[in-house]
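Good morning, colleagues. I shall speak briefly about a pocket and a pair of helices; please keep the model in view.

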Amino acid sequence: MGPALPSSVRIREVGPRDGFQNEPEIVATADKVALIDLLARTGLRRIEATSFVRPDVVPQLADAAEVLRAIDVPDEVSVSVLIPNERGLDHALDLRDRFDEIDVFLSASETHNRRNVNRSIRESLVGLERVLGRARAAGLRCEGVISVSFGCPYEGGVPVQRVLAIARRLHDAGAQEVGFGDTTGMANPRQVRAFFERAREELGGDVELTAHFHNTRGQALANVLAALEAGCASFESSFGELGGCPVPPGATGNVATEDLVSMLEEMGIDTGVDLGRLLEAARAVRDVLARPLGSHTLVAGPIDWDGSERPARAGLS
C-alpha cells in the first residue's frame, strides 16, 4: 500500500502573469481581463493576475494597474500579484483593494539570481524582507517563491540546505507560504519526494509548502505525484502550459492547469475546479495567442468513462 495522499489540493493559476510575461508579443489588456474573468469562474480559488515590474524590463506586464482595475473576480477568488522590490510594492499598494496576496521571488543559485534580477541572494533577501514586512502590515497574505530550487542550469546542483535556509528567512520575514520552483525542469520524482519530506520536517507545520513545476522535459506531472506522496497539497500551474523562464533559453512552460486538474480528479483528489470551464479558458487563450499550446488535455479533452466507475477512484483507500 502506497503513502496516503491528500484528499484535496489548493491550486494557484499563474498563467496571467507567468504565462503572459513570457510571450514574445504583448497580449492586449482587454484579452487579459477577459481571460482572467473566465479563469475566475472555473472554481479556481487563487489566481496570480499580474506583476508590478518595470515596464521597460517586462513590457508584457506594463498594464498591471489597468488589468487589476478592470477584472471582475468573485469574492471567493484570491487575487495575487508578483512584487519584485519595494518600488513595485509602492505601485501595487495604490490598488490595495484590488488584490489579496503578494508573491516575492529570488533564486537559490547566485548565478541565476544575478541573471534574473541582477542581485546577489543576500541583496535580494534583504530587500524582500522589507517588502514582506510592509505587505503583512497592509494586511496582505504573502508567498515567497524560490526559483531553481531543484537545480540550476548554470551551477548544476543546488544544495537543499541552502534552499531551506532561504525558505526560513522568507518565512521569518512574514511569508506564510513558500513556493519551490523547478524553474527549468531539472527535477525528478525521487528528488522531489525527498525534498518535500525534508522541507516539511525542517520548516514545520505553520508554513504552507507549494510546488511549482515546469514541464520542460515532460516530468511535471510525475513530480506532482511525488510531491503529493510527500504530503504537499499546494501547487502552481498555468492554463495552456503557458510560461517559462526568461533565462536561459529552452525553459518551457509550467505544468498545464488542465492537465494537473484532470490527473488529480481522476485520482479522486478534489481540486474544486470545473475541468470543462477550465478547458474553455484554455481554448480562449489558445485563440488569443493564435498558436498550438502544450497542454495534453486541451488536445485530447477530458476522460469520458461513460458512467462507469473510475478505476483509480475504485483503488483509493
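I begin with the lining of the largest pocket, which by class comprises 19 nonpolar, 17 polar and 10 charged residues. Here Ala, Val, Leu, Ile, Met, Phe, Trp, Tyr, Cys and Pro count as nonpolar, Asp, Glu, Lys and Arg as charged, and the others, Gly among them, as polar. This is a predicted model, in which local features need pLDDT of at least 70 and side-chain atom pairs count only at pLDDT 80 or more, while totals for chains, interfaces and linings use all residues. Residues are numbered from 1 along each chain as its sequence is written, and side-chain values use heavy atoms, with hydrogens and water left out.

The largest pocket holds about 1,100 Å³ of space. A pocket is an open set of points on a 1 Å grid over the protein atoms alone, where a 1.4 Å probe fits, with protein on both sides within 12 Å along at least five of seven lines; lining residues have an atom within 4 Å of a point. The volume is the space filled by probe spheres set on the points. Of its 46 lining residues, V53, V58, P84, F105 and V117 are the closest to the centre. Which helix gives the most to this lining? That is α5, with four residues.

I turn to helices α6 (residues 121–137) and α7 (residues 160–173), whose axes come within 8 Å and cross at roughly 25°. That makes α6 roughly parallel to α7, the term for angles under 35 degrees. Contact, meaning heavy atoms within 4.5 Å, involves residues including L125 and L132 of α6 and I166 and L170 of α7.

How values were computed: Axes fitted to C-alpha atoms, helices over the stretch in contact; angles between N-to-C directions. Helix = DSSP H or I, 4+ residues; strand = E, 2+ residues; numbered from the N terminus. Parallel < 35°, antiparallel > 145°, perpendicular 65-115°, else oblique.
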